[in-house]
Structures are given as C-alpha cells and as structure tokens.
Number of protein chains: 2
Amino acid sequence: MTRQRGGDRQILICDDEPQILRALRLVLRADGFGIVQATTGREALDAAALRPPHAAIIDLVLPDIDGIEVCRRLREWSEMAIIVLSAVGDEEEKVRALRAGADDYVTKPFGPDELVARLQAALRRSDPEPPEPVVRADGLEVDLAARTVRRDGEEIHLTPTEFELLRVLVRNRGRLMTHRALLVEVWGPRYAEEPTVLRGQIANLRRKIERPDGPRRLIRTDSGVGYRFVG
Amino acid sequence: MTRQRGGDRQILICDDEPQILRALRLVLRADGFGIVQATTGREALDAAALRPPHAAIIDLVLPDIDGIEVCRRLREWSEMAIIVLSAVGDEEEKVRALRAGADDYVTKPFGPDELVARLQAALRRSDPEPPEPVVRADGLEVDLAARTVRRDGEEIHLTPTEFELLRVLVRNRGRLMTHRALLVEVWGPRYAEEPTVLRGQIANLRRKIERPDGPRRLIRTDSGVGYRFVG
DNA sequence: CCTCGCCTTGACGAAATCTGTACGCCGGGC
DNA sequence: GCCCGGCGTACAGATTTCGTCAAGGCGAGG
C-alpha cells in the first residue's frame, strides 16, 4: 500500500557519494517528496538560497565545507528542518551538529523507513502545517492533512482503505483514474488486475460519502475505464 | 481492442535460468516492449553498452558478476530504469540493491502483471512522458490527460471507443486519417477492412461533440478516403 | 478463547457498451 | 431523370462491465 506522506514538499539532499544520493532520492521520491540535490557544501548553500526547501539532509563529510558548517550557515537565515547524516555514531559529533542547529542526527547505515520517519518528525516541528488543501464538493469536506471527512458538518468515519482510495481520487480530481492506476496506488502492484476488490471499496465509499438518495455527484464511473472524483 | 502499454521501449533482461528468461520475454512482448536478453552479467553490460535500453531487469544471482554489481556499473553512465529480481525477500539485500542504484526490487515468484506494473512505474520515474496538451476547437475542449471532453464548459460523456477514436483524430489534427489507419489504431489489425464499425462510432462521436444543428466543424469526411479533425 | 471491525471474494441482476444489419440520403456518371 | 457506390443514422441482440449483497478469512484487542 503506497502512501503520499511527503505532500509536495521540497527536500535538499547533499552528499558526495553518488550511491547515497541516489538512495536518498529514491526513498524520498517514493514518499512523495520533491528533491533538490547537491554534492558539495557550496552547491547545497547556493541551491537553498536560490529556492528554499522545506528541509535539508546533509552529510557530515563533504569535499569542501564541513556539513556542520553548512548547517550553521543555513540556520543564519532559515528555519527549515535539517537532518545531518554521519558514518560514525560519535556522540561528540552529534552534539556539535545539534548545537549548529540540526534538528536530528542519523547514522549510516540507515533504513529508508527510519529516515522518512525522522524527516517527518523534523518537518512537523519546523513546518507544522503541510499545505494539503481541504477539498469541498457538494457539501462534502475532505481534509487530507487531518485525515477527516465531513458531510454537512457531520464527521464521517472511513476505514483506512476507503480513505486511501478517496485520497488518490481527490488528489487527482477532475482527472479520470483507470482501474489499474487506482489498484496500483492503493493496493500495490500485485492487485493491478483485480478490479473486484476495487468495486467493493468504491461501493463502500459511495455509501458513506454520496447523498443517500440521489444521483452520483462525487465519484463518477466511466464504464470500462475507471473512476473519477468530480471537482 | 489492443493495448500498447510498452510503447517501443527496449528492455534488457538478464537471468541465468532459461525458464525465467523465457517467462519475462513472453510477458514483456505481450505488452509491447522490445526485448534484449542476456544470461550473464558481462553479457548484460555489453548489450547495454552496445545499445542502451530504456530499462533493465536483472537477477541478483548470475554466473559471473553479482546482479548488484551489474546494477552499479550500469548506473555509472546511465539513468535507465533498473529492476532487480531476487529469489528471497531479504530486507538487507533490498537495501543494498537500492543503494546500488536499482529503482525497484521484485521477489520471485512474481505475477506477470505485478512486474509490468512495477516496470511501468520505474519507467515513469526515469523517463517521464511529456504532458498531453489540452486541445480547443470551436468551443470544444479535449483534455487527453484527464480524459475529459467539454462543450462550452459542459462536460460530455464519451464511451471508451468513442474517446479512443477522438484521441487518435485529435493527436493527428489537420491531418487526414484513412479508414484503415483509424481502424488499426482504435480497433486493432483485425478490423482494418471493416469500415462499418468506424462509421457507427463516428456518428456517435459527432452527435456528442458537434453542435446540434449546424454544419460539421470538427470532424470532416473525405469521401472514399477517411476522416480528419479540423484544428 | 471469543468478539469485532475490516477486507476480500464470488454470485447475480442491472446497466452500459459494442457490433452488425437495415434503410434512407447524397452526389457523380450516364 | 435514373443508377449506384459510399455515407449517415437508428435500432436490437450479444457481450462486457458494474453495483450490490452476503459469506468467510484474518488480525487486533479484550
């Protein structure tokens, strides 16, 4: 089951090892973050100045400027979330990094999930309101950030799968989503060719969010192709 | 109705087990991908160097070079999509593969549909398709990406075949499309000599998108030859 | 161990779509 | 004016796809 936890937030990643850079890029992309990358401290500072990201992940050892120094200079003008990467779990280095303004300190090797979790925690501190908009249509109110759905003020309870499905539809509102695309996004690639499960959840979702007795206004079906959320 | 999900993209597949190689070949061919195959890491690297494919699917265990090493060497010079195959779902191996630059990691046994779905996702990341533009003509608005059609702001519902037909016409707007060409594109080669089906759908399409009482402005007939979408 | 909520699956009637036939229309050739 | 080939439209049967419901599995929590 894929999640779009990153919203549209931009992350600056800086490391001199191409493999690490690439691994970071893949992990973060998969979680819906936007990426700006740099291989030296100077590049990182320039990139951040040019287009301020929401967070930065910076390796401690860089060819030119020390990662801690990069961190300090960013802090001079920005409140962005900063995570420092290091190969060694040296306690003293860690303290220096935090003193320089880092929000967190991650030692390599790290698992992708751990990194994303720490990044999110850091983002939550520095940028508490991710800009996921509240979507309104036909008296329905979907707040993707708060994970709530209301119909005429009354809160509606959705199960995890139902909400995930609604999220994908809402994020692509107006656009037709094929069965295949929905299945891959919500259930994962294994379910790409299992339309029955999709039908079941669409039925549940409609029973909960559409007006009890009336035509379909929110989720429209295109027979033989897919579904769309009308915006 | 034929699908050409693979486009003309070339996929390099590399595995030492002939059955797996064969299975991959069949699945990918069926989806319209072109295939280059190799049974050793060296062969794979040579083949990729000779004629760079759009993506590579590489088994982890190979007679000569480790699959991860193959992946790393490809990454030295190419941004192609890379998927690593493995018999075991070892989390550590997975991380190593992603670090080495793989885009995704699939464990055997895998369903054909899952593999194709993951391959398409990987291709989408590495080689994003240019966005399809919105086409406007005589108050009609066709958004090929969102799969929507509007006439003076009012949304028009098209069936799958109607939309497919319109898509082919719009993509070649101004250009004359022969009956034969339209039939092959929309219905597949079997229908190349069946103009009646085409006439029926053209009639439906016109009833929906042309102005109710007025001359044809959008789809013009070239008697004895074909149709064209006037832009 | 039981209960509860959630997800999946299969079956069946209902709806949408596709295909092929029938028939009327139009323009060119004679 | 008449014939004829190609075209446009309406319609009906066949086929595919959808919506709904009930039954069963699975896992969390008590």
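A word on how to read the names and values: residues are numbered from 1 along each chain as its sequence is written, while chains are lettered from A and ligands numbered from 1 in the order in which they are written. Because the model is predicted, local features need pLDDT of at least 70 and side-chain atom pairs count only at pLDDT 80 or more, whereas totals for chains, interfaces and linings use all residues; side-chain values use heavy atoms, with hydrogens and water left out.

Stay with the DNA for a moment. DNA strand C is surrounded by 16 residues, and the closest are A:Thr159, A:Thr161, B:Thr159, B:Thr161 and B:Trp187. Here a residue is near the strand if one of its heavy atoms lies within 4 Å of it. Of the atoms of DNA strand C that come within 4 Å of the protein, sugar and phosphate account for 97%. The surface near DNA strand C is made of 7 nonpolar, 9 polar and no charged residues. In this grouping Ala, Val, Leu, Ile, Met, Phe, Trp, Tyr, Cys and Pro count as nonpolar, Asp, Glu, Lys and Arg as charged, and the others, Gly among them, as polar. At least two residues of this surface come from each of helix 6 (160-171) and helix 8 (195-209) of chain A, and from each of helix 6 (160-171) and helix 8 (195-209) of chain B. The helices (H or I, at least four residues) and strands (E, at least two) are DSSP runs, numbered from the N terminus.

Buried means under 20% relative accessible area, exposed over 50%, and partly exposed in between (1.4 Å probe, protein chains only). B:Arg167 is found in helix 6 of chain B too, and it is buried, with a relative accessible area of 15%. Leaving aside residues up to four places away in sequence, B:Arg167 touches B:Glu132, B:Leu144 and B:Arg147, where contact means heavy atoms within 4.5 Å. B:Glu132 also forms a salt bridge with B:Arg171, the closest N and O atoms being 2.7 Å apart. B:Arg171 lies in helix 6 of chain B and B:Glu132 in the loop between helix 5 and strand 6 (134-137), so the pair ties together parts that are 39 residues apart in sequence. A salt bridge is a side-chain nitrogen of Lys or Arg within 4 Å of a carboxyl oxygen of Asp or Glu.

Now turn to where the two protein chains meet. In this interface, 25 residues of chain B are in contact with 22 residues of chain A. The area buried between them is about 2000 Å², of which carbon and sulfur atoms give 51%; buried area is the accessible area (1.4 Å probe) that two parts lose on being put together, summed over both. There are 4 salt bridges between chain B and chain A. One of the pairs is A:Arg22 with B:Asp103, whose closest N and O atoms are 3.4 Å apart. Helix 5 of chain B gives the most to the side of chain B that touches chain A, with 6 residues. That side divides into 9 nonpolar, 5 polar and 11 charged residues.

A:Arg25 sits in helix 1 (residues 18-30) of chain A and is buried, with a relative accessible area of 13%. Its side chain makes a polar contact of 3.0 Å with that of A:Gln37. Residues up to four places away in sequence aside, A:Arg25 touches A:Ile13, A:Ile35, A:Gln37 and B:Glu79.

Technical notes
Polar contact = N/O pair within 3.5 Å; in protein donor to acceptor, adjacent residues only side chain to side chain.
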